[in-house]
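Work through the exercises below with the sequence and the 3D structure at hand. Each task is followed by a solution in steps.

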Amino acid sequence: MAAATAQHARNLPSGAGIFMTAPDILYLPELLFGGLVWILVAVTHVEPANPQGWVMFVSVFCFVMTFLWFVIFACGGHRNSGSWAAADFVYHALAVIFYLSSSVSLASTTIAFGILAPSSVTYKADIAAVVFSYVAMLLYFIHFILSAIRWKDF
């Protein structure tokens, strides 16, 4: 069993190889759009703040975890032990669920805020945050599907 796990870990990319494989190339766009959501939500002030807090938690959590995941894969830390293909699949499934729930919450809050102040700068920033949130969710979903295929092949 240990030999099979080590063989699978060797098949996962590391170093510059993560920029050439289908699911792993999505790390940078996930970081970019997740960071944009984080920034745009941070600069706005919308009442009620509770849905915005969830969006901030999701965007910061996924940004930090994706960055750590990216560093682990880039440095080859996944080659030492465990089933990293399964862990990659589980993390991206969680990220999709989190981003879907926060995107819906952010869109709902933005629609409600737009009725009150449709021409404000905050409303326009929130619209951009909603778009980037759904794009980030889509990227995480594509990564999830490709990670599931990779995991199944192991």
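Axes are lines fitted to C-alpha atoms, for helices over the stretch in contact, and angles run from 0 to 180 degrees between N-to-C directions. The model used here is predicted.

**Exercise 1.** Determine how the axes of α2 and α5 are placed, and which residues make the contact.

Solution. 
1. The axes of α2 and α5 cross at roughly 155° and come within 8 Å.
2. Angles over 145 degrees count as roughly antiparallel. α2 is therefore roughly antiparallel to α5.
3. The handedness of the α2 and α5 crossing is left-handed.
4. On the α2 side the contact uses Y27, P29, E30, F33, G34, L36, V37, L40 and V41. On the α5 side, the contact residues are A125, A128, A129, F132, S133, V135, A136, L139, Y140 and H143.

**Exercise 2.** Repeat the analysis for helix α2 and helix α4: at what angle do the axes cross, and which residues meet?

Solution. 
1. Helix α2 covers residues 27-42 and helix α4 covers residues 84-116. Their axes come within 14 Å and cross at roughly 30°.
2. The cut-off for roughly parallel is an angle under 35 degrees, and α2 and α4 are therefore roughly parallel to each other.
3. The crossing of α2 with α4 is left-handed.
4. From α2, the residues Y27, E30, G34 and V41 meet D88, H92, Y99 and L106 of α4.
5. The contact of α2 with α4 divides into 4 nonpolar, 2 polar and 2 charged residues.

**Exercise 3.** Take the UniProt record and state what the model has over residues 25-43 and 127-149.

Solution. 
1. The unreviewed UniProt entry lists "transmembrane region" for residues 25-43, 55-77, 89-115 and 127-149.
2. Residues 25-43 are 84% helix and 0% strand, with end C-alpha atoms 29 Å apart.
3. Residues 127-149 are 100% helix and 0% strand, and here the end C-alpha atoms lie 33 Å apart.

**Exercise 4.** Find which element has the lowest mean pLDDT and which the highest.

Solution. 
1. Among the elements, helix α1 (residues 2-11) has the lowest mean pLDDT, 46. Helix α5 (residues 121-153) has the highest, 90.
2. Over residues 1-10 pLDDT stays under 50. For residues 1-10 the model has 6 contacts beyond four places in sequence.

Definitions and conventions:
Residues numbered from 1 in each chain as written. Predicted model: local features only at pLDDT ≥ 70, side-chain atom pairs only at ≥ 80, totals over all residues. Heavy atoms only, no water. Helix = DSSP H or I, 4+ residues; strand = E, 2+ residues; numbered from the N terminus. Parallel < 35°, antiparallel > 145°, perpendicular 65-115°, else oblique. Left-handed = near helix turned anticlockwise from the far one by under 90°. Contact = heavy atoms within 4.5 Å. Nonpolar A, V, L, I, M, F, W, Y, C, P; charged D, E, K, R; others polar. UniProt positions renumbered as here; feature names shortened; annotations may be inferred. pLDDT = per-residue confidence, 0-100.
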